[in-house]
Amino acid sequence: MTFIRVRFFANNLNYPPINSTHMKTDNANDAVAQGAAEWRAREQKEKELRLHREQERLHEEKEREERLTHKEVMDAVDRCFYHTSFKETIEEPYWPHCDVDIYDCRIEYPSAEILELLMQRGNHDEVMAMIKAYNEEPPRHSETTTYEGNTSPLYMPDYLQDFIARRGNREELEAFCGKHGFKASGQDILLGRGDHDELMWYLERHGFLLTQQRMLIARGNVDEIRQHIKHHGLAPELLDELLDELESGNTEYFYKFIALRELPVKSQERLLDIAKEPEFLAYIGRYGFWEQVLPQLAAKRSETELEAYIKKHHYLGKGVYDLARRGFRSLNMLYLEQPTCNDAMFIDALTQVPTPDYAALSKLYLRIPRPRHLSEKEEANLTLFSTGTHDEVMAFLKQMKPELCLYAEAALFFRNKQDEYKIYLIIKDFHKQKNQRNS
């Protein structure tokens, strides 16, 4: 019986289930896992914070280094180029009480290390400062200041020009191209980039070299080619090719070119030899010829072409000598009516031909005004030509040494005695050739 009661008591105790020990273990594991996750999150946050602080430190060091390097570059650029120092003051011998200050001038270019650093950094402000420094004008002499030493213009190396061209920054390009154009390598960079607006902008200011002109033509953009021709023309080699086409009968490129620009001197000289009348008249309808080409114009082109030229441009310069030599009397009369006719030069030209154009000479001599002041000798010459006999005038002419003034020459001409006038022209030509030999 005792045994039964004890057993009953034991069976009625309120013990937990058999698996409760495992449940406590699971709860502990969950707490540790949660703590571990929080630990890892905190470690990750601290790691990120340490990384952020390190990045900020590096950034601050970089900014500090950047400021120091920027200042170094800017100071180096500012210290370079023209440096002047006072040397002495001297008294100007031709202007009393006027002293002249003399300065020594030297040029100091930036070092290669500074320029290399500048290009590596690519800072816009530093590049602009460099361009501005290279654009500096040499010191100018004045009445009271003289500079000795190196005052030659500054030259930017090709590799720096290429650096500016490669960057393609419009503000930098405007600063550089406002005074200079690129060399061949810089032009290649612009053409290689192929930006139409940039090329049009550049060609408005500067032209290309021969090779780059060929590359521009090969691009085939009509607006770019027209822009180059309009502002800069073409290289002599390309103009020779254009005139070769004209000589072979292909006039297309010639008309396109002259619609934009006149030809230079050498091309005008060749044009006179190869152009047919329609092309010649088309050209003079737009442009005249340069002063040094006018004698060839008067000597080579036909009477109708010369008439058209005189009516359009009114001026032949020294071409009047060739015009007088060719004996186109109608053109002589036409030219003397032009407002730009130089009466003295035209008279000289007409009197050098074997058979002078007396009609033209009469009109020209009538336009010679009487000088306000005549010397006694000149007055005596006029009196002789007015009242002297033929023998007296011939005797005077044979012993005459200097030339007569134009008014006295006109008085001799209007004596209307050709033998006297011809003798005068022979003597005048003799003295002119003698003076040329002596000079």
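Among the elements that line the second largest cavity, α9 makes the greatest contribution, with three residues. The structure is a predicted model, in which local features need pLDDT of at least 70 and side-chain atom pairs count only at pLDDT 80 or more, while totals for chains, interfaces and linings use all residues. Residues are numbered from 1 along each chain as its sequence is written, and side-chain values use heavy atoms, with hydrogens and water left out. Helices (H or I, at least four residues) are DSSP runs, numbered from the N terminus.

The second largest cavity has a volume of about 30 Å³, and its lining consists of Gln213, Leu216, Ile217, Ile225, His228 and Leu234. Two or more of these residues come from each of α9 and α10. A cavity is defined, on a 1 Å grid over the protein atoms alone, as a set of points where a 1.4 Å probe fits but cannot get out, whereas a pocket is an open set with protein on both sides within 12 Å along at least five of seven lines; lining residues have an atom within 4 Å of a point. Grid points are joined across faces, edges and corners, and a volume is the space filled by probe spheres set on the points. By class, the lining of the second largest cavity divides into four nonpolar, two polar and no charged residues, where Ala, Val, Leu, Ile, Met, Phe, Trp, Tyr, Cys and Pro count as nonpolar, Asp, Glu, Lys and Arg as charged, and the others, Gly among them, as polar.

In total, the structure holds two cavities of 30 Å³ or more.

The largest pocket has a volume of about 500 Å³. It is lined by 16 residues, of which Ile217, Ile225, Ile229, Leu234 and Tyr253 are the closest to its centre. At least two lining residues are supplied by each of α9 (210–219), α10 (222–232), α11 (236–247) and α12 (252–258), and the lining of the pocket comprises eleven nonpolar, no polar and five charged residues.

Helix α21 (residues 376–387) packs against helix α22 (residues 390–399) at an angle of about 140°, and their axes are 8 Å apart. The contact, meaning heavy atoms within 4.5 Å, involves Asn381, Leu384 and Phe385 of α21 together with Glu392, Val393 and Phe396 of α22. Four nonpolar, one polar and one charged residues make up this contact.

His314 is partly exposed, with a relative accessible area of 29%, whereas Asn416 is exposed, with a value of 67%; here buried means under 20% relative accessible area, exposed over 50%, and partly exposed in between (1.4 Å probe, protein chains only).

Key: Axes fitted to C-alpha atoms, helices over the stretch in contact; angles between N-to-C directions.
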